[in-house]
Protein chains: 2
Amino acid sequence: MTPSTSYHTQHAPLGAFASFTIGRHGARGGFGQSLAGPAQQNVFVGYRPTDDPTWRLLPFFDAGPQRGAEAFTGEAGSNAAPSRRALRAEEFTRELGWASDVWRSGAFTFGLATPWDRAPDPSRGPREAQRSAFAPCVLGWVEFDNRAGPAPVELVFGIGDSHHPWRPVAETAPDLVGFANTHVFGYATRPSPDVEARQAFAFEQPKFRDHRGLHLLGPENALVFQVPAGSRRRFPIILAFYQAGPVTSGLATRFHYTSLFRDLEDVLRHGLATQTSRLRVAARRDAVLAASSLSADQRWLIAQATHSYFGSTELLRRAGRPLWIVNEGEYRMLNTFDLTVDHLFFELAWFPWAVRDTLGLFRRRYAYRDTLHGPEGRRAPGGISFTHDMGVSNHFTPPGRSSYECRDLHGCFSHMAMEQLVNWICCAVTYALHTGDLAWLRREAPTLRACARSLSQRDDPDPARRNGLLKWDSDRCGPQGSEITTYDSLDVSLGQARLNLYLQVKALAAWWLIEEALAALGDHDGATRARTSADRLVRTLEAKYDSTLTAFPAVFEGGNRSIILPAIEGLVFLLHLGRERALRRRYPALLARLGEHLRTALQPGVCLDPASGAWKISSTSTNTWFSKIALAQHVARSLFPEALTPAARNGDRVHADFQRGPHLGAHAMVDQFHSTTSQPLGSLYYPRGVTSFLWLKERASPTP
Amino acid sequence: MTPSTSYHTQHAPLGAFASFTIGRHGARGGFGQSLAGPAQQNVFVGYRPTDDPTWRLLPFFDAGPQRGAEAFTGEAGSNAAPSRRALRAEEFTRELGWASDVWRSGAFTFGLATPWDRAPDPSRGPREAQRSAFAPCVLGWVEFDNRAGPAPVELVFGIGDSHHPWRPVAETAPDLVGFANTHVFGYATRPSPDVEARQAFAFEQPKFRDHRGLHLLGPENALVFQVPAGSRRRFPIILAFYQAGPVTSGLATRFHYTSLFRDLEDVLRHGLATQTSRLRVAARRDAVLAASSLSADQRWLIAQATHSYFGSTELLRRAGRPLWIVNEGEYRMLNTFDLTVDHLFFELAWFPWAVRDTLGLFRRRYAYRDTLHGPEGRRAPGGISFTHDMGVSNHFTPPGRSSYECRDLHGCFSHMAMEQLVNWICCAVTYALHTGDLAWLRREAPTLRACARSLSQRDDPDPARRNGLLKWDSDRCGPQGSEITTYDSLDVSLGQARLNLYLQVKALAAWWLIEEALAALGDHDGATRARTSADRLVRTLEAKYDSTLTAFPAVFEGGNRSIILPAIEGLVFLLHLGRERALRRRYPALLARLGEHLRTALQPGVCLDPASGAWKISSTSTNTWFSKIALAQHVARSLFPEALTPAARNGDRVHADFQRGPHLGAHAMVDQFHSTTSQPLGSLYYPRGVTSFLWLKERASPTP
């Protein structure tokens with residue numbers, strides 16, 4: 001079966017928190033600024049042989065009723081019936097690349113490109129390089145090969161916005177032709193005799209025309225291009241965003257790009273002027289992904305996930321300094337730390353300064369020190385940890401507070417002190433060792449040591465009673481609450497932080513990384529203490545293996561017998577830093593047990609959904625998350641390839657078909673879905689799937 | 001029958017192009033910035049005796065499904081069932097005043113006040129007076145008389161916004177408690193032990209609470225107030241708007257109030273600090289309307305219309321100078337000239353600088369000179385006229401061009417050169433003579449003289465062939481088009497400009513006003529020429545009376561026999577300037593004929609809808625416009641009271657019931673409706689109904 005082409009994709013510049021979203025058949029989309037999901041514009045793209053009145057359009061519009069001319073004339077039926085039909089799925093192809101999305105229907109082509117690359121540090125990068133990296137625009141084009149055609153052909157790109165009419169860009173910028181929604185987004189190309197601007201109640205039949213042929217009250221605006229018989233033509237279209245003025249509250253910021261571009265027109269001109277070189281950038285990205293040894297489904301998943309990741313990125317400026325945010329998809333929480341730790345691998349490859357800056361903001365503004373409660377009613381001072389996020393909906397929460405965490409809960413919305421402590425350590429050391437930025441590591445060493453102390457404290461404040469496992473809950477949870485992990489909506493197998501297998505293996509990675517970091521800084525005593533902690537934790541972990549389960553239980557209390565994939569998640573940091581052999585050498589028994597665990601997990605009915613074949617992150621929940629599956633797949637394929645049964649290998653196809661399918665495809669990349677039904681369970685329009693980038697490091701894939 | 005209380009009203013500060021819209025039962029509303037209709041927030045206002053878990057709320061919310069906690073938890077049913085019920089219509093009263101709107105249910109009161117007054121010239125008024133006049137806020141309060149109550153009572157004011165969570169204002173302003181949507185709007189009161197902020201998935205049962213008791217991810221936010229048993233308490237709530245940054249394109253502007261207030265919090269504080277004096281202002285406005293001798297329906301229509309007018313007002317700043325806009329309701333065209341001429345009377349009473357500034361902008365940027373075509377294919381130079389509008393949706397069109405006018409049309413969207421020429425004259429002279437601003441008139445005299453020449457030219461370029469009637473169409477209409485009037489969606493009785501009765505009587509007023517203006521400037525020759533033109537027009541008009549119709553036909557060609565109310569509309573300027581006796585003295589025959597015309601018109605089946613009793617502006621159309629009815633009523637009651645049959649007098653009740661009714665009440669003030677069915681036909685959320693302000697000048701009404 002040919003994979004479905006009916007799914008929304010976010011076409012998003014880096015750092016603009018904006019997307020041009022299209023792709024789902026029969027659905028609206030278009031330009032969206034800081035939205036939780038697709039915008040609600042009709043998008044008109046297609047062609048018309050001039051000997052036929054009917055336009056063939058890609059199915060990116062909703063033919064439902066709109067309030068048109070009759071709102072003015074008071075007469076029903078004032079609107080001419082539009083002469084347009086939506087192309088059927090079988091009449092066109094779609095090819096989603098890492099930085100492009102191309103639809104073809106016979107001789108007609110429509111393409112979108114988001115040319116992303118290594119991005120310069122916005123605090124010091126040269127201005128022209130920054131303008132290139134952070135231009136808030138997407139490149140589009142329409143093309144028709146009419147060399148064999150008997151008649152001229154018209155092409156169209158346009159928008160129908162029932163909220164209000166757009167403005168002709170040429171009025172303020174005679175060197176452009178196109179339309180804009182106030183100041184905030186729009187599209188344009190260069191004026192030429194082959195292009196005509198249309199604005200009307202129905203773009204294909206403008207009934208009312210002013211002196212220029214437009215009607216500024218028309219909700220539909222379009223560019224119509226002429227392709228003479230016997231010729232092949234391609235027309236560029238720049239799709240741009242520009243939000244001026246204050247963006248966030250709590251901390252006062254603007255978009256970084258406002259320091260690089262004067263206004264929307266400036267962005268449109270830049271897009272047109274640089275399109276050739278920037279399309280080459282996009283082509284390079286596409287080529288790298290295409291040349292990888294991954295399957296078509298895997299490549300598609302990486303491409304789709306990367307597109308949604310960019311849609312959540314937001315590069316701001318505060319008091320003259322850049323401030324990096326990744327929004328949490330539909331929830332729009334700012335820099336959710338348990339996403340930061342997963343975006344880490346992608347960001348280290350392309351813009352490591354983003355990791356550094358985010359860790360800095362967590363340390364400066366979103367660190368806190370707590371007190372703890374442990375087993376048998378014991379109380380103790382705690383240590384440093386970090387908030388779950390920095391705010392929500394463009395609002396920065398006060399220092400030391402998140403938008404998410406509440407008191408007196410055992411499930412969703414409880415605190416994540418253990419999780420975020422481990423996340424800061426893993427992000428910080430992976431950043432420093434990956435980039436070699438030891439100067440930064442030296443400056444952050446006091447925080448890293450405080451993290452080490454805090455980690456020990458959460459094992460047990462009494463050194464004599466430590467066994468390596470995190471089991472003291474933060475008093476921030478309140479007297480009735482306990483800590484959770486990032487897996488907040490799962491059952492106890494992953495929801496509870498205390499004595500949780502996932503978190504313990506991640507803590508092992510943290511200890512390992514602390515050891516390496518302190519050694520690199522010459523603190524050999526500190527390194528030795530970290531090594532001791534890691535060894536102790538490994539001994540305890542090994543003993544938790546349950547040979548009746550042939551796996552580790554998910555939680556080391558309450559008789560839990562769930563089996564979870566994220567048992568191996570924490571190993572990703574060591575793998576990423578190339579410590580695979582050292583790891584096998586140092587902890588062979590644990591690695592062998594984890595291999596057994598994974599083999600057990602990757603059986604249908606355990607962590608493979610018996611009906612669909614989708615990977616399940618827990619044997620006891622049908623709520624499964626793509627980003628975490630992708631991470632587990634990477635660790636599994638890299639460290640435990642023998643665990644991958646054919647059924648497990650088939651997962652990529654299932655996951656891709658789910659994401660392209662009728663339930664998830666309406667929301668661009670979706671993280672949480674039902675493993676049997678493929679219904680979305682949350683985390684729509686979500687950035688975290690970019691963990692699949694890790695797959696490109698497997699086997700013979702070329703370095704991107 | 002008690003009038004319905006189920007209708008939306010726009011609670012709008014002067015010049016913010018923003019409304020807090022509520023009132024329709026079961027409908028959403030809330031804070032809207034520059035919208036074409038009501039916003040889509042749930043508004044929670046009501047009370048709960050603390051011995052009962054169920055809140056009684058005014059019916060300003062939609063109980064339909066919203067995506068709540070389950071978006072995070074992945075579990076259906078994560079939301080507790082809310083403990084709220086909507087009060088039924090019979091459980092509360094509503095009283096709409098000129099500057100207030102008050103709901104009462106037993107001991108509970110909710111009020112909103114928009115304290116408007118004479119507004120200082122924003123180009124020179126003292127800063128404090130400007131802060132008071134242009135503060136972008138509405139004053140609200142909740143109150144409960146619990147003096148006889150056995151138990152404490154809680155009151156609530158809150159918002160449910162499914163688009164994204166709001167932010168607690170106290171985080172950035174500890175002297176306030178309330179919530180804001182980013183920077184752009186919000187509400188607050190002063191912190192006290194009696195007030196609690198709530199933010200949750202359901203405000204009445206916060207399931208998740210952070211260290212302060214809030215949950216920042218909650219889509220519902222509220223203030224909950226305590227009223228102890230035995231006490232009566234009233235709590236103020238300020239509802240504020242603040243849009244920073246660029247507002248318009250074409251011309252670059254910001255909101256004027258951004259020069260008076262630093263941010264949203266500054267507006268909230270100002271509202272709280274000045275509420276006592278500003279509520280007195282509102283009470284004075286209410287008292288004036290209440291003390292008038294108008295009927296309850298008339299008073300309600302004036303109050304509702306004035307509220308919608310304010311919602312369309314937009315005071316901007318460009319290059320350090322104020323720039324006044326009235327938006328055209330749902331269409332959001334900027335300063336539509338054929339609305340300006342109708343808003344004139346209200347604006348002259350309260351902020352005459354708005355009229356002066358708008359006329360200036362029309363003269364500087366939106367005047368043009370055209371050529372004409374006349375009967376028998378004759379061509380001629382034309383003269384000055386003005387565009388229909390200055391743009392749409394916060395976009396200023398280029399000089400000399402409107403967003404509305406198109407070529408080659410005979411109906412809606414054609415050009416209005418005659419109409420807007422007459423409108424500039426009527427506005428300019430009425431402004432100058434009403435205010436006594438002869439210095440301004442002297443500066444504008446060249447334009448006024450150009451208008452006089454242009455008016456003559458449109459009668460006939462050959463002085464020998466003039467008869468006073470406007471009959472030469474502008475070449476701007478194109479070879480296939482002809483001019484229309486403001487009555488664009490009516491049939492030919494009012495749609496066609498050429499030889500149209502409505503426009504000829506308005507032209508008579510224009511000549512009269514030119515005569516007076518030139519006489520006041522000492523140009524007695526010019527005045528005499530104007531008088532000659534007026535007299536000639538009157539002679540021609542008198543001859544058009546059709547005694548078989550006992551009326552004037554609406555159009556003096558094509559055998560038209562429609563009868564229209566706007567026959568008398570043009571007299572309003574002379575009436576407004578107190579020229580009633582002079583008019584009767586000078587043109588007694590015409591006045592007598594117009595009285596006959598009106599008597600004929602105000603018969604059921606002519607210009608009274610035979611089924612409903614509503615006034616129809618044309619005998620041959622069921623599309624009728626409230627603003628124009630109100631104007632005609634004022635002229636009729638003032639000049640031709642004998643034409644007002646009991647059936648005609650009953651119109652106010654019909655019009656008020658229509659506006660309060662299920663069809664129109666969803667859209668605040670509606671201008672165009674079907675005279676039989678009361679269905680809306682366009683012009684929703686519309687400012688022009690403020691022509692009803694003229695009624696306060698009738699009979700014994702006190703001067704406002």
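Mentor: Over all chains, the structure holds 108 salt bridges. This is a predicted model.

Trainee: What makes the pair A:Glu154 and A:Arg48 a salt bridge?
Mentor: The closest N and O atoms of A:Glu154 and A:Arg48 are 3.1 Å apart. The cut-off is 4 Å between a side-chain nitrogen of Lys or Arg and a carboxyl oxygen of Asp or Glu, so the pair counts. Side chains of opposite charge can pair when their charged atoms come close.

Trainee: Which parts does that pair tie together?
Mentor: A:Glu154 lies in strand β11 (residues 153-160) of chain A and A:Arg48 in strand β4 (residues 42-49) of chain A, so parts that are 106 residues apart in sequence are tied together.

Trainee: Why is the relation between chain A and chain B called a two-fold axis?
Mentor: Chain A is superposed on chain B by a rotation of 180 degrees, with 0.0 Å of shift along the axis and an RMSD of 0.0 Å. That is the relation of a two-fold axis. Of the residues of chain A, A:Gly245 comes closest to this axis, with its C-alpha at 2.5 Å.

Trainee: How do you know that the copies meet through the same surface?
Mentor: Of the interface residues of chain A, 98% are also interface residues in chain B, so the surface is the same.

Trainee: What contacts does A:Thr182 make, leaving aside its neighbours within four places in sequence?
Mentor: A:Thr182 is in contact with A:His164, A:Arg167 and B:Ser393. Contact needs heavy atoms within 4.5 Å. A:Thr182 is found in the loop between β13 (177-181) and β14 (185-189) of chain A.

Trainee: What lines the second largest pocket?
Mentor: Its lining has 35 residues, and A:Arg94, A:Glu95, A:Leu96, A:Gly97 and A:Ser100 lie nearest the centre. The volume of the second largest pocket is about 680 Å³. α3(A) gives the most to this lining, with 6 residues. By class, the lining has 16 nonpolar, 8 polar and 11 charged residues.

Trainee: How confident is the predictor in chain A?
Mentor: The average pLDDT of chain A is 96, and 98% of the residues score at least 70. Residues 700-704 of chain A, however, have a pLDDT below 50. Where pLDDT is low, the predicted coordinates should not be read in detail. For the complex, the predictor gives an ipTM of 0.94 and a pTM of 0.95.

Key: Residues numbered from 1 in each chain as written. Chains lettered and ligands numbered in written order. Predicted model: local features only at pLDDT ≥ 70, side-chain atom pairs only at ≥ 80, totals over all residues. Heavy atoms only, no water. Least-squares fit on C-alpha atoms with pLDDT ≥ 70 in both. pLDDT = per-residue confidence, 0-100. 1 Å grid on protein atoms, 1.4 Å probe; cavity = no way out; pocket = protein on both sides within 12 Å on 5 of 7 lines; lining within 4 Å. Points joined across faces, edges and corners; volume = space filled by probe spheres on them. Helix = DSSP H or I, 4+ residues; strand = E, 2+ residues; numbered from the N terminus. Nonpolar A, V, L, I, M, F, W, Y, C, P; charged D, E, K, R; others polar.
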